[in-house]
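Hi,

Here is the structure I promised to send over. Have a look at it first, and then read my notes below.

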Amino acid sequence: SLGKKEYDFKKRQVVIEIIKQANFPKIGDVIVGYIEMLFGSMISIRILYLNNRKFSSGLSAIASTRIASESGGWNSRRDRGERRPKLVYRVGDIVRGRIFSLMNSSAHATISDKDLGIVYCICFICGGDTVKSNNTVKCIECGMMEEKKLAVDFGKEVLSSLAKKRG
């Protein structure tokens, strides 16, 4: 907690008047942030919004890039020998996730639910705007396409609504 300290030298006490309660993610909280690091099958998400309110503590959450399939396995298509492009994550993609664990002094998030995943990204080739096309994003400038784990409401509107709330 943050606060103002007052010393009482006669009573030998320090009284701290709480100014602002620290806001940390809890299990079940929804986060929105950008991918700041990629490492193997994990991503680090810098938290910008916590439950649709601006969050400026500088904390990050860790999430797995492996998405469970409907059949319960991690990647049942690859197990059968089918070639399917890997989901692509890039530094700077805006992601929505849900905190599921606070183990080992770090927040662990999931992005595998339908309403979770990438909510906005730009083209990595030309920096142009992208639009959702099924489970891929397509650049409206150069036509580049990438398969990504997209949230159902992918697009600039998500960012606009968060910016308006300003919590």
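This is a predicted model: local features need pLDDT of at least 70, side-chain atom pairs count only at pLDDT 80 or more; totals for chains, interfaces and linings use all residues.

In which loop does Arg-12 lie? Arg-12 sits in the loop between β1 (2-8) and β2 (13-20). Helices (H or I, at least four residues) and strands (E, at least two) are DSSP runs, numbered from the N terminus.

Residues are numbered from 1 along each chain as its sequence is written, and side-chain values use heavy atoms, with hydrogens and water left out.

Most residues other than glycine have a negative phi. Arg-12 has a positive one, near 55 degrees. Arg-12 is also exposed, at a relative accessible area of 76%; on this scale buried means under 20% relative accessible area, exposed over 50%, and partly exposed in between (1.4 Å probe, protein chains only). Asn-52 also has a positive phi, near 65 degrees, and is found in the loop between β4 (42-50) and β5 (53-54). Asn-52 is partly exposed, with a relative accessible area of 38%.

Leaving out residues up to four places away in sequence, Thr-65 touches Gly-40, Ser-41, Met-42, Ile-43 and Tyr-89, where contact means heavy atoms within 4.5 Å.

Now for β7 (residues 94-101). Six of its eight residues are buried, so this strand is largely enclosed by the rest of the structure. Two strands pair if DSSP finds at least two bridges between them. Which strands pair with β7?

- β3 (residues 30-39) pairs with β7 in the antiparallel sense over five bridges, and Val-32 has Arg-96 as its bridge partner in β7.
- β9 (residues 117-120) runs antiparallel to β7, joined by three bridges; here Arg-96 has Gly-117 as its partner.
- β8 (residues 107-110) is likewise antiparallel to β7, with three bridges. Ser-101 stands opposite His-108, and Arg-98 stands opposite Thr-110.

The hairpin of β7 and β8 has five residues between the strands, and Asn-104 in that hairpin takes a positive phi near 55 degrees. β8 also pairs with β6, in the parallel sense and over three bridges. His-108 turns up again there, as the bridge partner of Ile-62.

Last, the interior. A nonpolar core here is a set of buried Ala, Val, Leu, Ile, Met, Phe, Trp, Tyr and Cys residues joined through side-chain atoms within 4.5 Å. The largest one has 20 residues, and those with the most contacts inside it are Ile-31, Ile-43, Ile-45, Ala-61 and Ile-118. β3, β4, β6, β7 and β8 each supply at least two residues of this core, and the largest share, four residues, comes from β4. Apart from this core lies another, of eight residues, among them Val-32, Tyr-120, Ala-151 and Val-158. As for Ile-31, its contacts beyond four places in sequence include Ile-45, Ile-47, Ala-61, Val-95 and Ile-99.

Cheers
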